[in-house]
Amino acid sequence: MKSLTRQKRFEEVKRMSDGLDRVFIIGCGTCATMAKTGGVEEVGAMKARLQEAGKLVTGAVVIPTACDEMTAVLLEENKKAVEDARCIIVMACALGVQQVNLYLSKPVLPALDTLFIGMEKSPGYFFEACDQCGQCILGETAGICPLTACHKGLLNGPCGGTDKGKCEVDPEKDCAFTLIYERLREQGRLDLMRRYHPPRNHQVLPRPREVRIS
Amino acid sequence: MVSDLKKALGNNKFVITSEIGPPKGTALEKMYQHIEMLKGKVDALNVTDHQSSVMRYPSIGGCLAVRERGGEAVLQMTCRDRNRIALQAELLLAYSRGIKNVLCLTGDAVPVGDHGEARGIFDLDSVQLLHGIRQMEEGYDFGGNELQGAVEFCAGATVTPEAEPLEPQLIKFEKKIDAGAEFFQTQAIYDLERFAGFMEHARQFPVKILAGIVLLSSARMARFMNENVPGIFVPRELIDEMAAAPKGKALEKGIEIAGRTIKALKEEALCDGVHIMAINREEVVPEILAAAGL
């Protein structure tokens, strides 16, 4: 499982940090490094661009996993540079941004957009595997999630836009229900496709979603 | 009160419905003209619901205009833009204003339309919508709460007889029937032999099938549909026939082909009627009917 990210346009990073002339940059050694959006190389490039844009970079660090509590230790180790900065630019997914936000009161700005939580199917190819809906139906859909694999998130079968196993939104993408159909047919379980799925409960855990584990 | 369309479908009559596409904006005169022109010539007028995900005057507005002019209206209802609360409210409004036919659709995807960044709702799908309508007829809303005054609809759905692969489509067709669909409009059909194969399957079920007739306006349009519209197959001979039409006469040829197709469907009793989609050219529907000998 990886958090897939994409770099924001530099102009947007500049706009967010407008008036905050001293910055500290944080990258992430896990997902953002893998996605080539916030590893050592990207953090170095961001540092150079920010300097070119007239910012003073007080420091830059790639934290092993930005979304865990070790982040507090790393911030402590870089205390002076962090204190000298007027804002923190985080090149990690939104979890990393919010982790840093837990420890600091100064502005923490995202340099990346978080796209989805993905699974690597083949080297370098990631797909969104789970919508975190709170009512898993993989047992009835041959292990293929129609909420993420079908553009419309349908439950009761393919829409009229499917064609030769592809999706109306993008002919490069597979139709979830063709995949589900083929796999269920192989398993001799097509009866599952005939089953009526009632409307989904969209309030399994009403937002804000929280869980307390004791 | 049973809807006039339901009566017509029950009378073993060859039923004809025609599509009305509302405009983008409030210049409604042309739509009104189409309604006036067609209301006495077809069994029902079926008003599209932001077809192809392009924002327009709403289906319910077009249906009210049909009712105000004494026509029989079919409310097209997609699940793309409204959650289950809004869908039910619109069904209550429709029923209270004499709109007693609903065509339940999932709806095209948002990115194919003109508001590509909008959120696609799809809180329900077409099968669930059909199911919910039957529940409302029993006097309960989709949440199981009692209604003060129920509804009664003739509910329909769509099917693509030439979908590929076909079996998932046929499974869904049966799910729609189980959920309460009484009639089906098919995706456009041009090849009657292939359509007859589908009808052989469909005849096992107690539902009425209206064959989709999409007017061809040029050979280019036919080729475009073959390449880009899922489940549409225009045979080579028809494309050649369109291409051979003299300059400026392609539309006439398209009308002739549509008329001929309808005539054959009726004479061979292949299906229970037709649904004519003369996209943006509703004014030629009477000519299509004349060409069909209707």
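Student: Why is B:A269 called exposed in this predicted model?

Tutor: The relative accessible area of B:A269 is 52%. Exposed means over 50%, so B:A269 is exposed. The residue is found in the loop between α10 (250-267) and β8 (273-277) of chain B.

Student: Why is B:N280 called exposed?

Tutor: Its relative accessible area is 59%, and the cut-off for exposed is over 50%; therefore B:N280 counts as exposed. B:N280 lies in the loop between β8 and α11 (285-291) of chain B, and its phi, near 65°, is positive in a residue other than glycine.

Student: Is B:A73 buried or exposed, and how do you know?

Tutor: B:A73 has a relative accessible area of 1%. Buried means under 20%, so B:A73 is buried. This residue belongs to strand β3 (residues 73-78) of chain B.

Student: Which residues does B:A73 touch, not counting residues up to four places away in sequence?

Tutor: With contact taken as heavy atoms within 4.5 Å, B:A73 touches B:L45, B:C63, B:V66, B:R67, B:I99, B:K100 and B:N101. B:T17 is 56 residues apart from B:A73 in sequence, while the two C-alpha atoms are 9.5 Å apart in space.

Student: What makes the peptide bond from A:R207 to A:P208 cis?

Tutor: The assignment goes with an omega near -5°. A:P208 is found in the segment after α9 (191-194) of chain A. In chain B, a cis peptide bond joins B:E164 and B:P165, with omega about 0°; B:P165 is in the loop between β5 (154-159) and α6 (167-179). Most peptide bonds are trans.

Student: How do you know how chain A compares with a compact globule of 214 residues?

Tutor: Such a globule would have a radius of gyration near 17 Å, but chain A has 22 Å. The C-alpha trace of chain A spans about 65 × 45 × 30 Å along its principal axes.

Student: What area is buried between chain A and chain B?

Tutor: The buried area is about 2400 Å², of which carbon and sulfur atoms give 56%. A:K152, A:R194 and A:Y196 supply 24% of the area that chain A buries against chain B, more than any other three residues. The contact takes 28 residues from chain A and 27 residues from chain B.

Terms used. Residues numbered from 1 in each chain as written. Chains lettered and ligands numbered in written order. Predicted model: local features only at pLDDT ≥ 70, side-chain atom pairs only at ≥ 80, totals over all residues. Heavy atoms only, no water. Rg over C-alpha atoms; globule rule 2.2 N^0.38 Å. Buried area = accessible area lost by both parts, 1.4 Å probe. Helix = DSSP H or I, 4+ residues; strand = E, 2+ residues; numbered from the N terminus. Buried < 20%, exposed > 50% of the residue type's maximum accessible area, 1.4 Å probe, protein only.
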